[in-house]
Amino acid sequence: MDWLWNLLDPTWWLTVLGAFATIGVLAIIFAETGLLLGFFLPGDSLLVAAGIFSSATVAQGMGIEPLSFPVLLIGTPLCAIAGAQLGHFLGARFGRRLFDKPDSRLFKREHVVRAEEFFQKFGPARAVILARFVPIVRTFMNPVAGVLEMPAKRFLLWNVVGGVVWVEGLLLLGHFLGSKVDPKQIDRYILPGVFVIVFISLIPIIVEVIKKRREHKNLPEPNGKHHRVPTDSQF
């Protein structure tokens with residue numbers, strides 16, 4: 001199982017890619033957001049790590065070439081947006097046939113269901129933006145939006161907003177950490193940094209869920225009384 005942990009470890013990816021790490025990050029972000037089989041690739045943690053290793057001091061301390069921060073700032077949001085657009089196109093083009101395959105190690109139908117519930121719960125615009133910060137959901141959200149016939153132009157608008165905020169936020173966080181912490185202890189900060197960003201991004205989702213549940217609980221019955229209804233399913 002060591003190979004699986006390696007695939008999830010952003011430091012392993014950056015070390016293996018070596019001098020091509022900057023290009024590798026662009027390719028991984030495109031695949032993670034645009035290809036269904038890319039859902040297992042590191043997204044949040046890779047962006048934070050890429051920002052960290054754009055610091056020459058940190059990169060040299062880890063024995064790798066520093067990543068180009070200007071290229072990351074420009075290229076990664078473009079790849080994230082292009083990948084999501086590809087996912088939306090495939091969903092709109094092939095419909096549910098895209099998901100018509102048996103469960104395997106690399107595909108679980110529950111991921112599709114989770115993304116669809118997310119889309120229905122928050123509506124097209126908010127779902128496309130918020131999904132960027134939820135691993136796995138962000139991969140499946142794009143084709144699901146296509147399957148559910150979200151117009152391509154409208155999807156592009158919110159895809160750009162979500163992609164830029166997600167990518168630039170994590171890259172800037174990583175770059176800041178890389179300039180402030182001891183290179184020998186950098187591994188301690190990658191995952192905590194990701195958790196902080198994901199937690200902050202989940203606050204609007206949590207608020208929305210609580211709001212919806214309160215609205216359901218306060219719905220009046222036909223006789224004028226209030227009644228409880230089942231809570232929303234988890235996404």
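**Entry 1: helix α3**

I began with α3, where 11 of the 14 residues are buried, so the helix is largely enclosed by the rest of the structure. I note that the model is predicted. Helix α3 covers residues 21-34. I took its span from first C-alpha to last: 20 Å, close to the 20 Å expected at 1.5 Å a residue. I listed buried residues of α3, including Val-25, Leu-26, Ile-28, Ile-29 and Glu-32. Next I looked up what the buried residues of α3 pack against: α2 (10-17), α4 (44-52), α6 (69-94), α9 (137-147) and α10.

**Entry 2: salt bridges**

I counted three salt bridges. Arg-138 pairs with Glu-32, and their closest N and O atoms are 2.9 Å apart. Arg-138 sits in helix α9 and Glu-32 in helix α3, so this pair ties together parts 106 residues apart in sequence. I checked the cover on both. Arg-138 is buried at 3% relative accessible area, and Glu-32 is buried at 1%.

Arg-138 also forms a salt bridge with Asp-44, at 3.1 Å from N to O. That pair links helix α9 to helix α4, across 94 residues. Asp-44 is buried, as is Arg-138. I therefore wrote down Glu-32, Asp-44 and Arg-138 as a network of salt bridges, with a bridge being a side-chain nitrogen of Lys or Arg within 4 Å of a carboxyl oxygen of Asp or Glu.

I then turned to Arg-96 and Glu-116, whose closest N and O atoms are 2.8 Å apart. Arg-96 is in the loop between α6 and α7 (109-122), and Glu-116 is in helix α7; the two are 20 residues apart in sequence. Arg-96 counts as partly exposed, at 46% relative accessibility.

**Entry 3: nonpolar cores**

I looked up the largest nonpolar core and found 28 residues. Leu-14, Val-25, Phe-53, Leu-67 and Trp-166 have the most contacts inside it. Helices α2, α3, α4, α5, α6 and α10 each supply at least two residues of this core. The largest share, six residues, comes from α4. Another core lies apart from it, with 23 residues, among them Phe-99, Phe-122, Leu-130 and Ala-131.

**Entry 4: a loop and a patch**

I stopped at Ser-55, in the loop between α4 and α5 (56-62). Ser-55 counts as buried, at 13% relative accessibility. Leaving out residues up to four places away in sequence, Ser-55 touches Pro-66 and Gly-178.

Leu-156, Val-160 and Val-164 make a nonpolar patch of about 190 Å². Leu-156 belongs to helix α10 (residues 152-180). At 38% relative accessibility, Leu-156 counts as partly exposed.

Key:
Residues are numbered from 1 along each chain as its sequence is written. This is a predicted model: local features need pLDDT of at least 70, side-chain atom pairs count only at pLDDT 80 or more; totals for chains, interfaces and linings use all residues. Side-chain values use heavy atoms; hydrogens and water are left out. Patches are made of residues with over 30% relative accessible area and no salt bridge: like charges are joined within 9 Å, nonpolar side chains (Val, Leu, Ile, Met, Phe, Trp, Tyr) within 5 Å. Accessible areas come from the Shrake-Rupley method with a 1.4 Å probe; for residues, only the protein chains shown count as cover. Helices (H or I, at least four residues) and strands (E, at least two) are DSSP runs, numbered from the N terminus. Buried means under 20% relative accessible area, exposed over 50%, partly exposed in between (1.4 Å probe, protein chains only). The expected span of a helix is 1.5 Å times one less than its number of residues. Contact means heavy atoms within 4.5 Å. A nonpolar core is a set of buried Ala, Val, Leu, Ile, Met, Phe, Trp, Tyr and Cys residues joined through side-chain atoms within 4.5 Å.
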